[in-house]
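Below is a brief report on one structure.

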Amino acid sequence: MTIFTLVLYVAIVAALFTGITQFVLKKVNNLLVSFLQHFCGVLFVFSGFVKAIDPLGTAYKMEQYFAKFESTFEGTWFSFVAPMFPLLTKYVNGFSVFMIVFEILLGVMLIIGSSRRFTAWAFFLLVLFFTFLTGFTYLSGFVSPEDNFFAFSKWGEFVETNMQVTDCGCFGDFLKLKPKVSFLKDLLLMIPAIIFIVGFRKMHQLFTMPTRSILNVATVAGLTLYCFNNYIWDIPAINFRPFKPGVDVVKQKEAEEKALQEVKILAYRLTDKKTKQVIEVPYDQFLKELDKYPGEKYEFDQVKSEPAIPITKINDFDLTGPDGSSVTEDWKGIKGYHFMVVAYKLYGEESGTKTETIQDTIYKMGPDSTKVVDSIATRTITKKLYTWDEEYLAKWKKLVAEMTKAKEDGAMVYAITSPYDPVMIDAFKEKTGFNFLVLRADDILLKTIIRSNPGVLLFKDGTIVEDWHIRKFPSFEEVKTKYMK
């Protein structure tokens, strides 16, 4: 074999090896992009769908974020951004539906490879937006409540109780992720987001372009109607919240309270007020060396063990009466069937005042020790006036008719609303004819109990039998026949 032939063979083998290597690498590269399309697409479809089941839950979470962003941006160089958040809060329900549908649509477009350049950039921007939200949630744990988030020089050690929002709501109430996990998840998603932008031409495409367009339109239309159905016309199709039919609220609350009482203090986290240095001292050691850690120098934060059972919003179930005193224990003692009407917001505004003259009868003791009229006195009072949403009043008036039947049949009826001025509540009762007891509770608790305003729950003792959206509440006769057995 001549040198020429040997060189020729080597050149041919090298060429073949190089060609095969490039072909394999190209295929592997395409396979990687295709895998990431499917993975990210399915993830977005899933996370969006569990939020589509309960779009109001996402809206309430956004309200929390908007309130925190407004206070965070005020007083900084970015204060011009702050007025935007109250505006977003005003339209938060529509914004929630838009974001949910957009997230699922992007997932579908990734899976089928629709409009690859647009999809790649839209995915990148949405992940960037999510990263900002989850990053704010987690990183606010490094910021003392007295300091602004953007005062980076004052950041200290991570303290969980410092976080502005407890969870990001990435998977609604279906799955609660720790803020750190959510933030890391979104940081990892930035990798495929960048890959899609750089290599969008390598993204696979399924079906024909007209078919992909039809799938996109059908996704938007179908999911928009589904979201609307789950809060405008009915309560969520699947209930991921702790207040659901079959749950004994009394027993669950007592179990959670017991679990919290049994939580042990493991250590104390001490923060030096001047240097912001954080040290963690075991509980027993802290008690022995208490004199070393004066309150003038350190801020104290307890490190506790995890409760034996998960703590839900049921633990916050606390009701107050018209005089402001707690009636939770009294509520626990209610026996038999009772109807709870929940309304976190009464749609009315103070519109002025009205002056009225009323008469007071003054009595005196007669000769035979009986009361007799002495005189009639008049006095002037000022009464607040309210303007109510007529559509909202109509819902209540229809409900009052059915609740009156329930009361006449022997069932207890009461309502729970936010801690409004008693004068406003009395005016609302007068306007709607709701002549039943009205209790008060935290509005976030009420939003968690039912996704309808107003909404109705039927209890037997402390157990939820059924719950209804106001538009789906049947007649009392139907409720009695089907549920009150």
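Predicted model: local features only at pLDDT ≥ 70, side-chain atom pairs only at ≥ 80, totals over all residues.

## The lysine 384 pair

Lysine 384 forms a salt bridge with aspartate 421. The closest N and O atoms are 3.2 Å apart. The pair links distant parts of the chain, 37 residues apart. Lysine 384 sits in strand 6, residues 371–388. Aspartate 421 sits in the loop between strand 7 and helix 12. Aspartate 421 is partly exposed too, with a relative accessible area of 32%.

## Other salt bridges

How many salt bridges does a search of the whole structure find? The search finds 18. One of them joins the side chains of lysine 51 and glutamate 103, at 3.1 Å from N to O. Lysine 51 lies in helix 1 (residues 3–52) and glutamate 103 in helix 4 (residues 92–112), so this pair ties together parts that are 52 residues apart in sequence. Both lysine 51 and glutamate 103 are buried.

Aspartate 316 and lysine 313 also meet through their side chains in a salt bridge, 3.2 Å from N to O. Aspartate 316 is partly exposed, with a relative accessible area of 40%. Lysine 313 is partly exposed as well, at 24%. A network of salt bridges links Asp54, Asp173, Lys176 and Arg451.

## Backbone geometry

Most residues other than glycine have a negative phi, and most peptide bonds are trans.

Which residues does a cis peptide bond join? The bond lies between asparagine 453 and proline 454, with omega at about 0 degrees. Proline 454 falls in the loop between helix 13 (443–449) and strand 9 (455–460).

Serine 115 has a positive phi, near 45 degrees. Its place is the loop between helix 4 and helix 5 (116–139). At 42% relative accessibility, serine 115 counts as partly exposed. Phenylalanine 207 also has a positive phi, near 65 degrees. Phenylalanine 207 lies in the loop between helix 6 (179–198) and helix 7 (209–233). Is phenylalanine 207 buried or exposed? Phenylalanine 207 counts as exposed, because its relative accessibility is 54% and the exposed class begins over 50%.

## Helix 7

Helix 7 has 25 residues. From its first C-alpha to its last, helix 7 reaches 35 Å. That is close to the 36 Å expected at 1.5 Å a residue. Several residues of helix 7 are buried: Arg212, Asn216, Thr219, Leu223, Cys227, Asn230 and Tyr231.

## The cavity

The structure holds one cavity of 30 Å³ or more. The largest cavity contains about 70 Å³ of space. Which residues line the largest cavity? The lining consists of Ala343, Leu346, Trp396, Ala415, Thr417, Ile425, Phe428, Lys429, Phe434 and Val438. Eight of the lining residues are nonpolar, one is polar and one is charged.

Strand 7 (412–417) and helix 12 (422–432) each supply at least two residues of this lining. Helix 12 gives the largest share, three residues.

## The second largest pocket

About 760 Å³ of space lies in the second largest pocket. Its lining has 26 residues, and those closest to the centre are Leu56, Asn93, Tyr344, Tyr347 and Asn453. Asparagine 453 also takes part in the cis peptide bond with proline 454.

How do the residues of this lining divide? Ten are nonpolar, six are polar and ten are charged. Several helices each supply at least two residues of the lining: helix 2 (55–73), helix 3 (84–90), helix 4, helix 7, helix 11 (390–408) and helix 13.

Notes
Residues numbered from 1 in each chain as written. Heavy atoms only, no water. 1 Å grid on protein atoms, 1.4 Å probe; cavity = no way out; pocket = protein on both sides within 12 Å on 5 of 7 lines; lining within 4 Å. Points joined across faces, edges and corners; volume = space filled by probe spheres on them. Helix = DSSP H or I, 4+ residues; strand = E, 2+ residues; numbered from the N terminus. Nonpolar A, V, L, I, M, F, W, Y, C, P; charged D, E, K, R; others polar. Salt bridge = Lys/Arg side-chain N within 4 Å of Asp/Glu carboxyl O. Buried < 20%, exposed > 50% of the residue type's maximum accessible area, 1.4 Å probe, protein only. Expected span 1.5 Å × (residues − 1).
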